[in-house]
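Try each one before you read the solution.

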Amino acid sequence: MMTTEYSPSERNTPPPLQLPMPLPEPLPKPMRHPATVFVSGAPDFSTAPQLRDRLMKRADEPGASVYVDLSGVTHCAAQLLGVLIAADRRARFRHRRLFIVAPSPAVVSAFADSGVSRLLAVVPTAAAPEPVGADAA
């Protein structure tokens, strides 16, 4: 079972996470606060399409990066890795970034075993000053 929660960028509250990050030039107008998609549980083949749709929609929004909080993921199946890579590609195509935030131990292990950590920008904790991993410099 997997649950997702979306913090819409239309809120008037501060974003759940703020990081220094490279932004496309020139800055899109109006610049929107980043929103975070929270994923918990054990995403698998039956829930991957729902998560993929949500992340693709988020990647298509103008002027925003995609933040995916995986701190609540208890098991990381290959389907989740595929969804994250596809969402990262979509975001990059739109001149945006996808950031993996606070991955759980299960996600960290799956990333290390598969080599995905070299492809995606991973922010180890919500308080980290900047992403590490793919194109972090």
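**Exercise 1.** Which residues touch the most other members of the largest nonpolar core?

*Solution.* Keep in mind that this is a predicted model. Start with the core itself, which has 25 residues; Leu 55, Val 68, Leu 70, Leu 84, Leu 98, Ile 100 and Phe 111 touch the most other members. H2 gives the largest share, six residues. Now zoom in on Val 68: skipping neighbours within four places in sequence, Val 68 contacts Val 37, Val 39, Leu 55, Leu 84, Leu 98, Phe 99, Ile 100 and Val 101. Finally, look for a separate core: there is a second one of six residues, with Tyr 67, Ala 102, Ala 121 and Val 123 among them.

**Exercise 2.** Work out why the buried residues of H3 line one face of the helix.

*Solution.* First pick out the buried residues of H3 (residues 105-114): Val 107, Ala 110 and Phe 111. Looking down the axis of H3, you'll find them within an arc of 100°, so they line one face. Then check the partners: the buried residues of H3 pack against strand S3 (66-73), helix H2 (78-93), strand S4 (98-101) and strand S5 (121-123). Just past H3, Gly 115 has a positive phi of about 85°.

Definitions and conventions. Residues numbered from 1 in each chain as written. Predicted model: local features only at pLDDT ≥ 70, side-chain atom pairs only at ≥ 80, totals over all residues. Heavy atoms only, no water. Buried < 20%, exposed > 50% of the residue type's maximum accessible area, 1.4 Å probe, protein only. Helix = DSSP H or I, 4+ residues; strand = E, 2+ residues; numbered from the N terminus. Arc of directions from axis to C-beta. Contact = heavy atoms within 4.5 Å. Core = buried A, V, L, I, M, F, W, Y, C linked by side-chain atoms within 4.5 Å.
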